[in-house]
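Dear colleague,

Please find the structure below, handed over for your use. My notes on what was found in it follow.

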Amino acid sequence: MTLAERIEGLRARIARACSAAGRDPQAVELLPVSKKQPLALIREAADLGFTRFGENYVQEGAVKAEAAPDLDFVLLGPLQRNKAKPALLAFREILSLDRPELAERLRRLAEELDVVRPVWIQVDLWGEATKLGGCAEADLPSLLDALGGDPRLPLQGLLAIPPPDVPAAFAQLAALRERLQQGLGRPLRLSMGMSADLEAAIAAGSDQIRIGTAFFGERVR
């Protein structure tokens with residue numbers, strides 16, 4: 001199957017899921033996850049209309065961002081404080097902000113570098129943080145305080161990687177988004193759902209679907 005055929009199939013699934021949920025397909029972003037994929041294939045996806053790509057590793061993503069400055073790469077993977085500076089330089093958005101000390105580090109660096117980088121908070125409602133990263137709901141107030149509404153790090157929304165054995169996970173995330181929106185007084189986006197569960201994620205209100213292998217094909221080893 002070609003890249004174009006895989007994309008067509010994914011878009012058809014998203015359209016059907018949105019129709020079933022009474023949503024506009026244009027409101028759901030299909031974000032290709034390009035880790036371990038060659039730049040040539042990313043370029044092929046760009047020729048098919050994609051300009052944003054998710055990367056999991058700072059070093060790999062930085063190399064691709066330097067080689068393709070016309071494209072936007074966003075960071076999905078865990079971010080260590082000592083890699084915060086190269087991450088801010090390479091990525092257009094940070095989708096894995098998960099602890100106050102990282103927020104404080106990013107704020108200092110964003111001011112020093114004079115850059116604006118939208119951020120998403122990665123949340124964990126199921127005790128998976130040791131494996132995947134994420135901020136527990138009880139720790140969100142501290143993280144939001146550390147972020148401080150800084151205009152250089154505008155908060156876009158929430159990202160999550162819920163465990164597959166929690167059927168209510170997407171509904172829990174949607175409810176958390178609603179509580180935060182009420183507290184902040186403004187809308188937030190939700191990034192949740194991958195190839196195996198995009199229909200359920202869209203039904204629960206996901207605004208961004210992150211797709212890797214089902215988009216690009218098997219990764220280069």
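Helices (H or I, at least four residues) and strands (E, at least two) are DSSP runs, numbered from the N terminus. This is a predicted model, in which local features need pLDDT of at least 70 and side-chain atom pairs count only at pLDDT 80 or more, while totals for chains, interfaces and linings use all residues. Residues are numbered from 1 along each chain as its sequence is written, and side-chain values use heavy atoms, with hydrogens and water left out.

The annotated lysine

K35 is located in the loop between β1 (29-32) and α2 (39-47). An unreviewed UniProt entry lists K35 under "modified residue: N6-(pyridoxal phosphate)lysine"; UniProt positions are given in the numbering used here, feature names are shortened, and annotations may be inferred rather than shown by experiment. K35 counts as buried because its relative accessibility is 17% (buried means under 20% relative accessible area, exposed over 50%, partly exposed in between, with a 1.4 Å probe and protein chains only). Leaving aside residues up to four places away in sequence, K35 touches G54, E55, N56, Y57, E60, K64 and R219 (contact means heavy atoms within 4.5 Å).

Helix α7

In α7 (residues 140-147), the residues L140, L143, A146 and L147 are buried. They cover an arc of only 125 degrees around the axis, which puts them on the same side of α7; the arc is that of the directions from the helix axis to the C-beta atoms. The buried residues of α7 pack against β4 (93-97), α5 (100-113), β5 (119-122), β6 (155-159) and α8 (169-184). After α7 comes G148, with a positive phi near 65 degrees.

Salt bridges

A salt bridge is a side-chain nitrogen of Lys or Arg within 4 Å of a carboxyl oxygen of Asp or Glu. By this rule there are 16 salt bridges.

One of them joins R179 and E137, whose closest N and O atoms are 2.9 Å apart. R179 lies in helix α8 and E137 in the loop between α6 (129-132) and α7, so this pair ties together parts that are 42 residues apart in sequence. R179 is partly exposed at 42%, and E137 is partly exposed at 34%.

Another links D207 and R177 (3.0 Å, N to O). D207 lies in the loop between α9 (198-204) and β8 (208-211) and R177 in helix α8, so the pair ties together parts 30 residues apart in sequence. D207 counts as buried at 13%, as does R177 at 12%.
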